[in-house]
Structures are given as structure tokens and as C-alpha cells.
Amino acid sequence: MSLRVILFILVLLPFSVVSFLNIYSLRGVTSSYEENLQTSTRKSVDYIRREIDGLASDLDGMAVHLSRPREIVHALELADNEELFDWSVSFTTNVDSILYADIDGIVLARAPDEYRFGDDIGNTAYFQQTLAAGVYQGMTTVDGKMALVTCRVVRKYNDVPVGITAVIVFITPEMLSRLLPGTGMVLVARNSRTSVASDSSDAPVRSSFTLTSPFSAAPDPALFTVQILEDDSGESLHSLERSFLLNSVVAGLVVLVIMFFIARRHLVPYAEIARTIMAYSRKDIDLQVLQTRIEKIGSHKGPEIHAIARALIKMTNLVMANFRDIESLNKKLKAQAERDHLTGLLNRRSMDIVLTREMERVSRYGSPLSLIMADIDHFKHINDEQGHLVGDQVLCAVSESLAAHSRVTDILCRWGGEEFLIVCVETDLEQAVACAEKFRRTVAEGLQAQGQTVTLSFGVTSCQTGESTDAFLARVDSAMYRAKEGGRNMVVGI
Amino acid sequence: MARIFTMVFCVFLLTTGAYADTVKIGIYPSNDPAKLQQVMDIFAAYLEAKTGDAVGAIVTRDYNELMRRIQDGSIDIAWLNTLNYVRLKKDLPTIQYISTYIERNEITGNILPFYQAYIVTRNDSGIMSLDEGRGKLFAFTDNGSTSGYAFPNMLLRKNGIDPHRFFKKVIFLKKHDRVAEALRRGAIDVGAMSDGTYFTMERKYGDIFRVLAKSDPIPLDAVVAGETVSEEKVLLYRKALQEMPQDHRFCRNMREVLGWSAAGFETRDDSFYDSVRQALGD
């Protein structure tokens, strides 16, 4: 899993957990609030139902009390307005109107309007139903207004109807409001034709409940509807919940985006550096390319990357320096492995490799190849007489002379103690002998050791077709010995 | 000294004992009871001053209560309207006539012991005669009232009208001023009331009523004593009432408060009410 992914997870996971826990907790609070609200709503609806039932019961009780006294029966029979008014006016504290009407529907008395009587209610539904059924309790229109009307028949001898009494409560917003336990709800009273509400505002309704009531007399029974208004607190909680959720999502997205850009700006260079290093480790690139890439990465990024890039570049510089040192050392070691440490000429081992290579070229292309073997005359004597130090000096001087007068294509080596082998490529025997002669003369004329002239004996031969390297060397060695035996300081070619 | 003191004390006792009675005077509620009580308190104070008795005024609930109480003696003296006097005298012959209430006639200005019953409508009712009251709403005062029921009822029947058949509905409003007010407000179309009530309304509201019919003169109210009241007491109160000036505070209050044109009392006798008996067919 990449660092980027790990960082994303490290940042988003706690954020997500915290957000989830908070949303869960808030949801719990909201649920609890809604439960309480439902409980409260049920209690309120029950309260209102009881209030309406209580009102119906009170009005009916009042109608019953106002229908039974003997004085009222007598007063209805005699059309005694004063008696009927005195009875009804004492009960109008909690109701809007009480009237008495005779059997024909003529109102004989109406409280609290002392001088409003004589009108005919005989055609009203509540009068007719009261006479028919003995009782009426319903919602109807009285004096052009919606009213709850409760009626009872007044009977003589508890038998013969002599009139009715009607207890009237006008349905007004204030009256309906008094039936409510508190704020936050509206009570609507309605029948098929009209309705009255305790509050006419257009506040949004959360839920509504329809209640039946004792005011259910036909033909237009009354219905009461309790409307529970939207609660600001609940809406605030829901709004908070939605906001929190939205904010969490937005915050999460913002964090993601920021993390993306941060990762892009700050983590990608690390990945690039890692990839570059890994490419180097796979040997897909060399150190120089690595350094170039690191330099490029570090040049465009933040200070940390820049510092890392600088450090890496320094490191690569050190490594390259080390490599150069190693290479140099290797070269030296190689040189040491390939060269004679005293004279600097190729050593025998290296010359074997050269010979093998040149012999292969001769066998492939048939080009001429000659060998010159030189041996320092009386070298043991020099060592013995003048010491090894002088001997070494002679060796070095001979090497230098041979190297200085050799051709570019000649390959020189110290073949043995005081023996030197020169490979002359593209050189036949005659040419090789000439070269050897030049070598002999130069050394003989130029080198002296402690006052004594140093000379060399040269054997020269050319490679024959199909000849092996050993045979070739044997012949040149043989030639050199002939030179020794011929008196030294001479060249013998065979 | 002791003898003199004793004699003086005995005279004092005799004097106060002979006249220091508690007398209750009851009146029928033909008008607003509170207003009646107000004027009757003045009436009682006058009599107390004239007689030396402790006089208290009582306004009964209705005519029936007044008659019952004079019968049972819980009221000593009663102010009865004409009808109730005639009926009570018939039922309780032992009641004792004291005096007759008199008024100043609003039309002639004469002081007379008579008044009239009026059948009245509003000027704007469109009803110009009794006949045009057919199917309308009619009100009496109380079936115990002389000018509020008995004489208007006779007047209607004399004109061939059975009120319970002729009118849409007959309502009893129990008091003359209630009939007048109901008429004024349009609650009824035609109503029966005393002439005094009519004239009171006229003074208060102007010419808003029309009289459709008037009764024959009706003897005014009688003040009577129960059978338990002594003859001397009766004479004492008769004299006191006879001596009341026309402009006495009581009379002024009767006019101001009740609208009755009270002018005091004069002494007649039981036979003065025979015309009522004849009218009622008794």
C-alpha cells in the first residue's frame, strides 16, 4: 500500500469515524426528540378530546337543569318572559346565549339579550330535532354564526312537551383556543358547510388528528380537527442534522481534494525519488542519470524534497567520487595486474593474453605477426657487482628505451627477469629484425650502468601458419639464445 | 322622689309601648324592584315619622307573594293594585281598607284616584288599530296586574279579540316598564301598560308610541291593613296618608324614579272599587 494511500486513510479514517459518531449521536437526539414530540402530541390530542367531551357534558347538564324546574315549565306554559329570562341569565356566565322557545318555536326569552325574543326558530333543525328526539347536541348556525347548540325539551308532568331550552356557545377562534393545552397547535371545528379555526395563520402543519365528539347530531355532525404545527425546534434539529451531514460530506471532500493536491505536490516527488532510486537499483539507469533526475525533481518541489534531493545528489556525488576512486584503483590494480611494477611494461600474464588475441587475428586474417625477445646481457653480473638497485635501474632504463623507440603498434612486456618481449603486429620478419636492430643500437649507444655499457641480445621470428603460441615463443626464444651464443649484443632472426 | 320617678317611668313605658310597633309595608313589583324599594323606603320613613312606628318597606317578588304575606300576617300593610285588592278582599274579607293612592292626570292635570290602561304600539309599526294587530306579538305585564292585564284583556275582548287566538303570541313581561322597553326595542308589536308608564316613556323618548286603545278609568291602588292590625292603627295610618302633601318628597320620587305622577292619598272606601268588580264580572 503506497504512502499516499496510507496518508489518505490516516486522515480520513478518524475524520469519518468522528463524523459518523456525531451524526449517529445527533440522530439519536433527533429520534428522542421526535418520540417525545409524538408522546406530547398524543397527550395534547387526548386533552383536547376530553375538553370537548367535557364541554358537551357541561352544556348538556346545563340544558337538563334548565329544562326540569317546575317554575320553568309553568313559565313556558304562561309565556312568562321574566321568569324564563331570570332563570337563563343566571347561567350565561360560561355560555353565549340561552333561550326558551314554546312548542311552536316562538322564542319567549333569550339571555343575555333581555329584549330580544318573539322570533321564530320553529324551522331550525335543532328545534325540530329537539322536539322529535327530546335532545339535540350539534353544530349549527345561530344568528349567522357557527355555534355549538345543546337543547332539551321542557316537559310538563315529565311527559308533555311545552317548549325547549337551548344552550348556545358560539364557535370563535378564541373559544377554540381555550380548548387547547398550549401553543403549537390549531383546533378546527367544521361541518359540511363551514369551518372555524383557532388560528387562521398559514403555518405549516406537521400532523393532524380528527376527533369525533358528542356534537354529532344529524344532519350535519360536527368534527374537530387538531392540527399540530411544525415545531421550530424539531425543524432546527433536522436542519442541524442535515447541515452536519452535508458539512461532513463537504469537509470530507475538501479534505480529499486538499489531500490530493498535497499528495500531488508533496508526496509525488518522494515517489519519484523512490522510483528513480529503484530504477538505479535495477540498473535501469546509471548514477549520472539518477543524479540528473534527482536534480530535476528537487528543482521544482518543496523545501523538504529540495533538501532530500540535495542530499541525494551529494550522496551520488560521493558515490561517483568513490566509483572514480574505485575505478582509478581498479585501473591501478589492473595496471598492477597487467604490468610489471618495476618497468611499467606489460607483464607476462598480460602478454599471454595479447599473444592469444594476436594469434587469433593471424589465424583469422592471416596478417603477419612477429616477436622480438630481448635479454639484457650480463645482467646477473650487474646485479651481483653493482647491486639490485643498479640492476633495477638498468631494467627501467632498458624499458624506457625500448618503449621510447617502439612503434605505436608494438606491444612491449617484461617477459622475465631481464627478458623483454615485443609483439610486432602487421610486421614480417624483416621488418621485425630492423626494429630489433634499432632497439639494440639505441640501447647499446645510450645506456650505461656505472660506467658500463648495457647491451641486449635480440631474437626475432615471425609467426608461421598454424603455429601455436608456445611454438612461436619457443622459436623466438631460440633465436634469442642464438644471439647470446653468437656473442650478445646482436639480433638473430629466424 | 321615688314615686315621681316611677310615675314618669310608667308614663314613658305606656307612651312608647302604645305606639312603638314594627310595621311592615309590602308593595307589588309592578316596576323595577330596586326603584320601588327606593321610593318605598321614603314612604316608610314618612309613615314612621307620622306614626311613631318602626316602619319597613318590602317589595315582594310578585303579586301572589304580596297577597300570601298579607294573609299570613308577615306583612301588616299592603299597597295593592286595584285587581289584587278586589281579589284579596274577595278571598280575605277581613282586610281593612286604609286609603287610596291618587295621581295627577298627565292630560288634564287633575288629581284623581283613577288611571287608565293603554294598549300601545310603536309609531313605526304600521299598526293603526287593534284589528291591524292580528298575528303580531303582544305582551301583558302580569296576569295579576290591573292595567297591565285585567283591563287590557277586557278591552280586547270588548273589541272581539281573544288575545291568545288573535295575536301570534301573548307574552307576559311581568312589569309595565318591561313592556314599554320591549315595545320600544321592537321585541313586541303591541303591549299593555298603565297610562303612567306610557307618559314616562313619552317624557323619556318622545313621541315614539301610538295608543291603540284606552280602558275606562280604573280606581287606583289601595293601601290596606291585615286583619291583625288594630282599628286604631288603621285610623292612624289613614290620617297619616291623608295628610301627605302633594309635593312631598315621596311623591316627587315616585315621579322621578318610577314615572308615576303621585299626588298623595285620599280616603275612599271599599265601595269605590265596585266598578272594578263589575268590570271583572265579580
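The model is predicted. Chain A contains 13 helices and 16 strands. Across all chains, a search of the whole structure finds 40 salt bridges.

**Chain A overall**

- Chain A has 494 residues, and 43% of them count as buried.
- The chain exposes about 26200 Å². Carbon and sulfur atoms supply 55% of that area.
- Among contacts in chain A with a separation of 6 or more, 61% come from residues 24 or more positions apart.

**Nonpolar surface patch**

- A nonpolar patch on the surface includes A:Met1, A:Leu3, A:Val5, A:Ile6 and A:Ile9.
- A:Ile9 counts as partly exposed because its relative accessibility is 40%, between the 20% and 50% limits.

**Helix pair α10 and α11 in chain A**

- Two packed helices are described by the angle between their axes and the distance between the axes.
- In chain A, helix α10 (residues 379-386) packs against helix α11 (residues 388-405) at an angle of about 140°. Their axes are 6 Å apart.
- The two helices are therefore oblique to each other. An angle has to be over 145 degrees to count as roughly antiparallel.
- On the α10(A) side, the contact is made by A:Phe379, A:Ile382, A:Asn383 and A:Gln386.
- On the α11(A) side, A:His388, A:Val390, A:Gly391, A:Val394 and A:Leu395 take part.

**A buried loop residue**

- A:Ser213 sits in the loop between strands β8 (205-211) and β9 (223-229) of chain A.
- With a relative accessible area of 10%, A:Ser213 is buried.
- Leaving aside neighbours within four places in sequence, A:Ser213 is in contact with A:Ile52, A:Asp53, A:Ala222 and A:Phe224.

**Salt bridges in chain A**

- Side chains of opposite charge can pair when their charged atoms come close.
- A:Asp60 forms a salt bridge with A:Arg152; the closest N and O atoms are 2.8 Å apart.
- A:Asp60 lies in helix α1 and A:Arg152 in strand β4 (residues 145-156), so the pair ties together parts of chain A that are 92 residues apart in sequence.
- A:Asp60 counts as buried at 17% relative accessibility. A:Arg152 counts as partly exposed at 24%.

**Salt bridges in chain B**

- B:Asp274 and B:Arg277 meet through their side chains in a salt bridge, at 2.6 Å from N to O.
- Both residues lie in helix α11 (residues 274-280) of chain B. They are three residues apart, about one turn of the helix.
- B:Asp274 is partly exposed, with a relative accessible area of 31%. B:Arg277 counts as buried at 15% relative accessibility.
- B:Asp162 forms a salt bridge with B:Arg157, with the closest N and O atoms 3.5 Å apart.
- B:Asp162 is partly exposed, with a relative accessible area of 24%. B:Arg157 counts as partly exposed at 43% relative accessibility.

Terms used. Residues are numbered from 1 along each chain as its sequence is written. Chains are lettered from A and ligands numbered from 1 in the order in which they are written. This is a predicted model: local features need pLDDT of at least 70, side-chain atom pairs count only at pLDDT 80 or more; totals for chains, interfaces and linings use all residues. Side-chain values use heavy atoms; hydrogens and water are left out. Patches are made of residues with over 30% relative accessible area and no salt bridge: like charges are joined within 9 Å, nonpolar side chains (Val, Leu, Ile, Met, Phe, Trp, Tyr) within 5 Å. Accessible areas come from the Shrake-Rupley method with a 1.4 Å probe; for residues, only the protein chains shown count as cover. A salt bridge is a side-chain nitrogen of Lys or Arg within 4 Å of a carboxyl oxygen of Asp or Glu. Buried means under 20% relative accessible area, exposed over 50%, partly exposed in between (1.4 Å probe, protein chains only). Axes are lines fitted to C-alpha atoms, for helices over the stretch in contact, and angles run from 0 to 180 degrees between N-to-C directions. Helices (H or I, at least four residues) and strands (E, at least two) are DSSP runs, numbered from the N terminus. Angles under 35 degrees count as roughly parallel, over 145 as roughly antiparallel, 65 to 115 as roughly perpendicular and the rest as oblique. Contact means heavy atoms within 4.5 Å.
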